[in-house]
Amino acid sequence: MAVARRPKRKFGASQKERIFLACLPDAETAARIHATAAALKRDNNLTGTLILPEHLHVTLFHLGDWAALPEEVVRLAKDAAAQVAAPPFEVSFKRTESFRNRTGTYPFVLTGDASQWRELHATLAASLKRIGLAAATQGDFEPHVTLLYDPVRLKPSAIAPVSWTVHDFVLVHSRLGKTTHGHLARWPLEN
């Protein structure tokens, strides 16, 4: 059975505002991930710039790149997220690898088990579809934390697990090329 793939996104100079739903590690875990990334960068002779600790995240759903912040999409995303009920859960990332792409600068990432994310991801996907943002739910979900981008492509490699408990998720506004992430809203996970 063929798996539907999300069409390749093309970004132009006019697309400056990105919005996405994501889970962020707590500050202590983000610092630990950043230190791990620095060691991996050094050990593998990578030259890319490390992602800032406060920008480390797992993207749940990419809601688009826009010339201006789309207030209607933000409102719909907030409405969808407010309907989600899921408990906190433990995640663990046990591998690093470079994802393929066509630019020649590869995302070097932590990867983990997608089954840990299943309940939150499925519940949020259903809510986005109900609210009219079904296009954001297309494609495969591969939970990962991007550490840096580099021209060197590394094969998957096991690492000491990096784990944390996911207690909430956020709607993030990223200004492309400006290295800024603003949190537009946050929703707690509750039992």
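These legends go with a set of close-up views of a predicted model.

**View 1. Four strands line up in an open sheet.**
Read across the sheet and you get the order β2-β1-β7-β8, with antiparallel pairing. From one strand to the next, the twist averages 20°.

**View 2. Strands β1 and β7 pair up.**
Let's zoom in on β1 (residues 17-23) and β7 (residues 168-175), which run antiparallel and share six bridges. Which residue of β7 stands opposite leucine 21? That's leucine 171. Helix α2 (residues 71-82) packs on the sheet, where it touches β1, β2, β7 and β8. The direction of α2 makes about 35° with that of β8. Helix α3 (residues 118-131) packs on the sheet too, touching β1, β2 and β7, and its direction makes about 30° with that of β2.

**View 3. Helices α2 and α3 pack against each other.**
For α2 and α3 the angle is about 135° and the axes are 8 Å apart. Angles over 145 degrees would count as roughly antiparallel and 65 to 115 as roughly perpendicular, so α2 and α3 are oblique to each other. Their crossing is right-handed. On the α2 side, Leu76, Asp79, Ala80 and Ala81 make the contact, while α3 brings in Leu124, Ser127, Leu128 and Ile131. Sort the contact residues by class and you find six nonpolar, one polar and one charged.

**View 4. Isoleucine 19 sits in strand β1.**
Is isoleucine 19 buried or exposed? Its relative accessible area is 0%, so isoleucine 19 is buried. Setting aside neighbours within four places in sequence, its contacts include His62, Leu63, Gly64 and Trp66, along with Val73, Val74, Val172 and Leu184. Now look for histidine 121, 102 residues away along the chain: the C-alpha atoms of isoleucine 19 and histidine 121 are separated by 17 Å.

**View 5. Threonine 96 lies in strand β3.**
This strand covers residues 89-98. With a relative accessible area of 3%, threonine 96 is buried, because anything under 20% counts as buried. What does threonine 96 touch, not counting residues up to four places away in sequence? Among them are Leu40, Phe108, Val109 and Leu110, plus Lys155, Pro156 and Ile159.

Methods:
Residues are numbered from 1 along each chain as its sequence is written. This is a predicted model: local features need pLDDT of at least 70, side-chain atom pairs count only at pLDDT 80 or more; totals for chains, interfaces and linings use all residues. Side-chain values use heavy atoms; hydrogens and water are left out. Two strands pair if DSSP finds at least two bridges between them. Helices (H or I, at least four residues) and strands (E, at least two) are DSSP runs, numbered from the N terminus. Axes are lines fitted to C-alpha atoms, for helices over the stretch in contact, and angles run from 0 to 180 degrees between N-to-C directions. Contact means heavy atoms within 4.5 Å. Angles under 35 degrees count as roughly parallel, over 145 as roughly antiparallel, 65 to 115 as roughly perpendicular and the rest as oblique. A crossing is left-handed if the near helix is turned anticlockwise from the far one by less than a right angle, and right-handed if clockwise. Ala, Val, Leu, Ile, Met, Phe, Trp, Tyr, Cys and Pro count as nonpolar, Asp, Glu, Lys and Arg as charged, and the others, Gly among them, as polar. Buried means under 20% relative accessible area, exposed over 50%, partly exposed in between (1.4 Å probe, protein chains only).
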